[in-house]
Amino acid sequence: MADEKARRIGVLTGGGDCPGLNAVIRAVTKTAQLEYGASVLGIQDGFEGLVEGRAHELAHQEVSGILGLGGTILGSSNKGDPWHYPTETARGKIEIHDMAFKAIRHVERWQLDCLVAIGGDGTMHIARRLSEAGVPVIGVPKTIDNDVPATDVTFGFDTAVSVVCEAIDRLASTASSHHRVMVVEVMGRYAGWIALMGGVAGGADVILIPEIRFRWDSVFRKVDERQTQGKRFTMVCVAEGVRLPDGTEVVAEFDSKRTDAKRLGGAGAVVARAIEQGTGHEARVTVLGHLQRGGSPTSFDRVLATRYGTAAARLACSGQAGVMVALRDGHIEAVPLEQATGELRRVPLDHDLIAAARSVGTSFGDH
Ligand code: F6P
């Protein structure tokens, strides 16, 4: 038995869901209960539940058998920032208020010794603010986008990449039958990790990511080149956050209730249309969307989620806080929340996978 102080911990999942959340909830709860005799409170719908006081004790049975289950048994929300909390007036108007005092009051009322916040960069920023306000918090990095700073990888990413790879494999056969250009739009927000890894895994001919500014003539040339080489199709993998040659990004909507008001989407359709107009070749677009976030986590994500969850519970139950668990050079470490809320982790231009992709003939639309 470790430190006697941290005996009651809260756990929540914030932001967009991803495969592996339940594996973390299971690992946190089992470790806390079995190794430390602690009780675990499951907070519903991310920070919304913390502000509104919605939570319940997690029984051992509730976290049993959920290792491979997609989504989150606790529910999640990307609209629950306590400092930017949307509330509906009697007239149906949405107003934004500072509700942090309510969140902190619930931590006190529930007598939490520590809050384990599982989420992406938005969640880590909120975790840091709570920590600065005196709430003991441990962060666990989740997101398919893989863009959380201070960790080499977030859980959920590997599953999303597998989905992209399988989708490209499937699209290749129909693209080949019809001699088409297939454009696949993938998620990832302002980072190109999913497009890069998924594109390389699926053997995409063109990969367009936010970190590399592309030119239309370069993309068109690649499509024409494949045509003249007698290749039966061209596969183009587009990150939703890619910047078009004029520097703009393609935004699906703005929603002030969200922690990040901007929702990206539509870049794939723009690229497909431009290719048809610029090359005369028939193009189709597939938006993978939330398929990348749904379903069962891969074995890699289950293992990573279990490592993160057990480490977070050990820290929480031994009185540590103000840190995020992270994977660095193969080892699980605890990094200060200040580091975890630094600049978004985007694809470095000197990443060896960019060089490897170029070596096998993949175009990033920049040459
Ligand atoms: O951050 C995860 C993510 O899936 C991004 O890749 C994507 O831009 C965003 O969430 C979509 O958000 P929503 O689920 O609100 O449409």
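This is a predicted model: local features need pLDDT of at least 70, side-chain atom pairs count only at pLDDT 80 or more; totals for chains, interfaces and linings use all residues.
**Helices α1 and α9**

- Helix α1, which covers residues 21–36, and helix α9, which covers residues 299–317, have axes that come within 7 Å and cross at roughly 40°, and because of this angle α1 counts as oblique to α9.
- The crossing in which α1 passes α9 is right-handed, and the contact involves Ala23, Val24, Arg26, Ala27, Val28, Thr31, Ala32, Glu35 and Tyr36 from α1, together with Arg302, Ala305, Thr306, Gly309, Thr310, Ala313, Arg314 and Cys317 from α9.
- Sorted by class, the residues in the contact of α1 with α9 are nine nonpolar, four polar and four charged.

**Helices α5 and α6**

- The axes of helix α5 (residues 157–178) and helix α6 (residues 193–202) cross at roughly 45° and come within 8 Å, so α5 is oblique to α6.
- The crossing of α5 and α6 is right-handed, and in it Phe157, Ala160, Val161, Val164, Cys165, Ile168 and Asp169 of α5 meet Trp193, Ile194, Met197, Gly198, Gly199, Ala201 and Gly202 of α6.
- The contact of α5 with α6 is made up, by class, of 10 nonpolar, three polar and one charged residues.

**Helices α7 and α8**

- Helix α7 (residues 216–228) packs with helix α8 (residues 267–279) at an angle of about 65°, and their axes are 10 Å apart; because angles from 65 to 115 degrees count as roughly perpendicular, α7 is described as roughly perpendicular to α8.
- The crossing of α7 and α8 is right-handed, with Trp216, Val219, Phe220, Val223 and Asp224 of α7 in contact with Val270, Val271, Ala274, Ile275, Gly278 and Thr279 of α8.
- Divided by class, the residues in the contact of α7 with α8 are eight nonpolar, two polar and one charged.

Technical notes. Residues are numbered from 1 along each chain as its sequence is written. Side-chain values use heavy atoms; hydrogens and water are left out. Axes are lines fitted to C-alpha atoms, for helices over the stretch in contact, and angles run from 0 to 180 degrees between N-to-C directions. Helices (H or I, at least four residues) and strands (E, at least two) are DSSP runs, numbered from the N terminus. Angles under 35 degrees count as roughly parallel, over 145 as roughly antiparallel, 65 to 115 as roughly perpendicular and the rest as oblique. A crossing is left-handed if the near helix is turned anticlockwise from the far one by less than a right angle, and right-handed if clockwise. Contact means heavy atoms within 4.5 Å. Ala, Val, Leu, Ile, Met, Phe, Trp, Tyr, Cys and Pro count as nonpolar, Asp, Glu, Lys and Arg as charged, and the others, Gly among them, as polar.
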